[in-house]
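I set out to record what can be read from this chain. The entries below follow the order in which I looked things up.

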Amino acid sequence: LHLNPSPGLSEIPLREFYRYAAPAAPAFDEAGARAPQGAHFRAIRTGHTLTLHLDTSTPWLTETDDCPLDMDNLRLEDIPGPALAADYRLAALLISGSCDDATAQ
């Protein structure tokens, strides 16, 4: 698995880069509660405006639940402290399908 950008990168040569945060199986702590999941980006310092969002399937409508900054217009210089945490939640799930009447001719 190769993750971009590398830790020593001083500017961003890429237009997009991703971190996969969902584990293959759920993890639990000693008390039996679900362990928090997250993606970490280290050593990114830039004057660019960034966007942090979830890359989900089309029927999922996700939004930030608890975050002090606008995740669509994120400037790293505006982050108060060395890290930023954002919680997302599933706001809606579109379920679609079709059915046929088996008794109709």
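**Notebook: strands, core and surface**

I located isoleucine 95 in the segment after strand S4 (87-93); strands here are DSSP runs of E of at least two residues, helices are runs of H or I of at least four, and both are numbered from the N terminus. I note that this is a predicted model, in which local features need pLDDT of at least 70, side-chain atom pairs count only at pLDDT 80 or more, and totals for chains, interfaces and linings use all residues. Residues are numbered from 1 along each chain as its sequence is written, and side-chain values use heavy atoms, with hydrogens and water left out.

I looked up the exposure of isoleucine 95: it counts as exposed because its relative accessibility is 71% (buried is under 20%, exposed over 50%, partly exposed in between, with a 1.4 Å probe and protein chains only). Ile95 also belongs, with Trp60, Leu90 and Leu93, to a nonpolar surface patch of about 450 Å² (side chains of Val, Leu, Ile, Met, Phe, Trp or Tyr joined within 5 Å, each residue with over 30% relative accessible area and no salt bridge).

I then read the fold: the protein chain has zero helices and four strands, in the order β-β-β-β.

Turning inward, I found that buried residues make up 9% of the 105 residues. The largest nonpolar core consists of Ile44, Met71, Leu74, Leu76 and Ile79 (buried Ala, Val, Leu, Ile, Met, Phe, Trp, Tyr and Cys residues joined through side-chain atoms within 4.5 Å).

Methods. Patch = residues over 30% accessible without salt bridge, like charges linked within 9 Å, V, L, I, M, F, W, Y side chains within 5 Å. Areas by Shrake-Rupley, 256 points an atom, 1.4 Å probe, with all protein chains shown as cover. Salt bridge = Lys/Arg side-chain N within 4 Å of Asp/Glu carboxyl O.
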